[in-house]
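Visitor: Hello! Could you walk me through this structure, one step at a time?

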Amino acid sequence: MKTSTPPPFDPNDPAGIDDLLSADEKAVRDSVRQLCAQRVDPYVADWFERGTIDDVRGLAKELGALGVLGMHLDGYGCAGMSATEYGLACLELEASDSGIRSLVSVQGSLAMFAIWRWGSEEQKTEWLPRMAAGEAIGCFGLTEPDIGSDPGSMRTRARRDGDDWVLDGRKMWITNGSIADVAVVWAQTDDGIRGFVVPTTTPGFSAPEIKHKQSLRASVTSELVLDAVRLPAGAVLPEVRGLKGPLSCLNEARFGIVWGALGAARSSLQAALTYAGERTQFGRPISGFQLTQAKLVDMSLEYTKGLLLALHLGRRKDAGTLRPEQVSLGKLNNVRESLEICRTSRTILGANGISLEYPVIRHMNNLESVLTYEGTVEMHTLILGQAITGQSAFR
Amino acid sequence: MNIVVCVKYVPDAQAERTFNASDNTTDRENVDGLLSELDEYAVEEALKLAEAGEGEVTVLTVGPDSAADAIKKALQMGADKGVHVNDAAIHGSDAVATSLVLAEAIKKIGSVDLVITGMASTDGTMGVVPAMLAERLGLPAVTYASELTVDGGVATIRRDGDASTQTITATLPALVSVTDQINEPRYPSFKGIMAAKKKPVDTWSLADLGVDASQVGLDAAWTRVESFAARPPRSQGQIVTDEGDGGQKLAAFLSERKFV
Ligand SMILES: Cc1cc2nc3c(=O)[nH]c(=O)nc-3n(C[C@H](O)[C@H](O)[C@H](O)COP(=O)(O)OP(=O)(O)OC[C@H]3O[C@@H](n4cnc5c(N)ncnc54)[C@H](O)[C@@H]3O)c2cc1C
């Protein structure tokens, strides 16, 4: 048994999980943190308040120069990093704001992944290098006004006209829609669901922005209107048919959310911890009260467990052994617990907890979206329920 | 142009820094370390010069095993190769001995046009190594550069003083130390992090440099830390209550302490 003195206790990493990361993984994390500290943190509360991201294209290019966009993909200008490194990047991005992480998730895991995994060589060479560099922004259209959790029933249709395809329909709640250069759109065909790579300058395509959101305000969310959008034969993603196409992409993005949500939790928890140490009531710092300590400790526990789970799933993904049900498990647990951490942190800040002067209410509101998109709590519960019992309860 | 950047691996200033109880030297093993922030400016300046023309950047460090992390960070930022002088006998060396080891390493690297250093380390903060190193190498030293240009075999720096701003030139080869005003150091891109894995790092011992162990280390040091004590916790400040005479009270407080 070793009797040497252990290293000092780190309140931000109570279990010492940092030990499980390699030097390169920490370097990735540090670089993303540094970009966010310079380029996002000073401005994001204001963006949230105004419901916009200033110079989003400039930001995308800086994210591209760092290598974040499509970072876990190989070739075509992508950085070729590990899944765990991608997860760590998502965590740092979302510690700044879920909206920024959403921009990156949709770009890399949804739009780029769809083209990288299921696209033709021409589609890959045309789009991926520019998207990796942040020069072209992508969006991913699956959800419709009347279709959310049950995408198999989608109404958007693509029909053949000679060699061409003609798309008609509407997509709803599409992240990056109004700023996108390219949309990956899923539609019903005579041959099942297929994906299309749609340049947003194509006649008949428009993407009005959705206003009045109270969540994910530092993120562009749009409707996609497809009005007889005519595309050449080469616009269809050739390598996939059926729901497997979009679901494979969602699986990538969900993996990032398993990590990302923890970033929002960490930021809120740190704000609460600092605040509790500085705020005095009844003659002492509120961190000295048992009720506050119980909150802080419970939050630390859930954060630590969530991080261990994320790391474990990351290692499995890097080893090629990660199953979609396990991604559901991570998404369900980590978003739910992170939202709980944000809500509890909010109570510790009292009235200040509802102010954008602190990051907490912003994270809390953001996670309401994260709880719903990429599969709601109910969907992931049903997925796991089926995996555990062998019985489907979807319909 | 061949540029050598001297960098130091230092205990993280954010962490709790301590001394070794046995010999009063800085504890470099049990505290997380990093590339001294002040040296990042030196690396950045070297990279900018190399990118602007033809050039190769070698990062040089003297330190224990863990100091390899400082080289790695510089390689991730974009330096081409690393040299790590690592020898147990170096432990406890002062600035005089450190400059000796650095000088011999730079001679061994050979045909160096420019040596760039930070203005001081963030742990010792003595700031004397650049001048000592230049002396040992017989190079002109232009120190505390807040701006650097190299043109036609001449390095020109701007040094910002309290009373004046000086423009100083030196013919190459030369040594330049840079301040934290000179640039905004880049952070490693993912491509840089990946590329650094394949960049060469040479590890040299004192024997490789022809330096005798008796010239370095704690026993050869001209100075040593006799004792150390933690700074006492800050005492409660004095609150001046303004009863219409707040200004006078503040002035009296300051003049009592000879601040005004
Ligand atoms: C900010 C934001 C950004 C988004 N970005 C994108 C994007 O980029 N691309 C994209 O395609 N989509 C995007 N979405 C849409 C998101 O994926 C959907 O909102 C989500 O899939 C849920 O669909 P819905 O909102 O239609 O809810 P519904 O599917 O109508 O569900 C409503 C409620 O019913 C529950 N429910 C449904 N079926 C069952 C059942 N069988 N059993 C039990 N409960 C059930 C749900 O869990 C939920 O609680 C985004 C959403 C938001 C809020």
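Guide: Gladly. Helices (H or I, at least four residues) and strands (E, at least two) are DSSP runs, numbered from the N terminus. This is a predicted model, where local features need pLDDT of at least 70, side-chain atom pairs count only at pLDDT 80 or more, and totals for chains, interfaces and linings use all residues. Residues are numbered from 1 along each chain as its sequence is written, with chains lettered from A and ligands numbered from 1 in the order in which they are written.

Visitor: Which residue with a positive phi follows helix 9 of chain A?

Guide: Helix 9 of chain A covers residues 324-348. After this helix comes a residue whose phi is near 55°, and that residue is Gly350(A).

Visitor: How far does helix 9 of chain A reach from its first C-alpha to its last?

Guide: The helix has 25 residues. The expected span is 1.5 Å times one less than the number of residues, giving 36 Å here. The model comes close to that, with a reach of 36 Å.

Visitor: Which strand gives the largest share of the shell around the ligand?

Guide: A residue counts as near if its C-beta atom, placed from the backbone, lies within 6 Å. Strand 1 (138-141), strand 3 (164-175), helix 10 (360-372) and helix 11 (377-389) of chain A each supply at least two residues of the shell. The largest share, three residues, belongs to strand 3 of chain A.

Visitor: What does UniProt list for residues 23-135 of chain A?

Guide: Over this span the chain is 73% helix and 0% strand. UniProt annotations may be inferred rather than shown by experiment, feature names are shortened, and positions are given in the numbering used here. The unreviewed entry lists "domain: Acyl-CoA dehydrogenase/oxidase N-terminal".

Visitor: And how far apart are the end C-alpha atoms of residues 241-388 of chain A?

Guide: UniProt, again in an unreviewed entry, annotates this span as "domain: Acyl-CoA dehydrogenase/oxidase C-terminal". The span is 78% helix and 3% strand, and its end C-alpha atoms are apart by 28 Å.

Visitor: Which helix gives the largest share of the side of chain B that touches chain A?

Guide: Contact means C-beta atoms, placed from the backbone, within 7 Å, and 12 residues of chain B are in contact with 16 residues of chain A. Helix 2 (68-77) and helix 5 (190-196) of chain B each give two or more residues to that side. The largest share, four residues, comes from helix 5 of chain B.

Notes. Contact = placed C-beta atoms within 7 Å.
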